[in-house]
Amino acid sequence: MLRSRMLMLVALVATGSPVVVAHHSLSGQFDTNKSFQITGVVSRVDWVNPHTQVYVDVKQANGSLVTYKLESLPVAMMRKSGLSKNDLVGDGRPVVIDAYPARGDTPHLGYLLHIKLPDGGEIQFSKVPGAEQP
C-alpha cells in the first residue's frame, strides 16, 4: 500500500500535475515591495484552504461598487491566532485594509496585510511596506 502511494506521488511529480505544482509563492503572485489601501465593506469571507479569501466592496467616486478579492492566511493559522470567520465578516460598517497588489494585469486582487475594524480594533497579518510598525 505504501509503495503504491509512493509510486503515485512520483508519477504526479513527474507529470507536472497541477495538484502538486498549483501552489504559488507570495512574491510570485503579489508585489511584496508595495501596498495599496482601500476602505470598504466586507461582503464575503471564504474560510477555505489553502488561503482564506476576503471580499471587500469599495464604493467608487461615480457611485459604483468594485469588489476586491484579498487572499490571506490558511484557516489553521487564522484559528491559531484566535481569529474566526465572524471576526472578518463584519457588520456592514466600513473597514480599512492594506494589501499587496497582484502582479500583472489582475485588478482588484491582493494579499491582505492589515485590517482596521469599525470598532477600532486592528488585525496585522504581515508587514505593510513603508508603514511604521508598532
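Let's start with Val56: leaving out residues up to four places away in sequence, Val56 touches Ile38, Gly40, Val41, Val42, Ser43, Val66, Thr67, Tyr68, Leu70 and Ile97. Contact here means heavy atoms within 4.5 Å.

A word on the source: this is a predicted model, where local features need pLDDT of at least 70 and side-chain atom pairs count only at pLDDT 80 or more, while totals for chains, interfaces and linings use all residues. Numbering runs from 1 along each chain as its sequence is written, and side-chain values use heavy atoms, with hydrogens and water left out.

Val56 also turns up in the largest nonpolar core, which has 30 residues; Val56, Leu70, Leu88, Ile97 and Phe125 are those with the most contacts inside it. Elements giving two or more residues to this core are β1 (36-46), β2 (53-59), β3 (65-71), α4 (75-80), β4 (95-101) and β5 (109-116). The largest share, five residues, comes from β5. A nonpolar core is a set of buried Ala, Val, Leu, Ile, Met, Phe, Trp, Tyr and Cys residues joined through side-chain atoms within 4.5 Å. Buried means under 20% relative accessible area, exposed over 50%, and partly exposed in between, using a 1.4 Å probe and protein chains only.

Now for the strands. The protein has five helices and six strands, and along the sequence they follow the pattern α-α-α-β-β-β-α-α-β-β-β. Helices (H or I, at least four residues) and strands (E, at least two) are DSSP runs numbered from the N terminus. Two strands pair if DSSP finds at least two bridges between them. Here's how β1 pairs up:

| Pair | Bridges | Direction | Opposite residues |
|---|---|---|---|
| β1 and β4 | five bridges | antiparallel | Gly40 and Val95 |
| β1 and β2 | five bridges | antiparallel | Val42 and Val56 |

A hairpin of six residues takes β1 into β2.

Asp31 counts as buried because its relative accessibility is 13%. Neighbours within four places in sequence aside, Asp31 is in contact with Tyr100, Pro101 and Arg103.

Zooming out, 33% of the protein's 134 residues count as buried. Among contacts between residues at least 6 apart in sequence, 53% join residues at least 24 apart. The accessible surface comes to about 8,500 Å², with 56% of that belonging to carbon and sulfur atoms; areas come from the Shrake-Rupley method with a 1.4 Å probe, and for residues only the protein chains shown count as cover.
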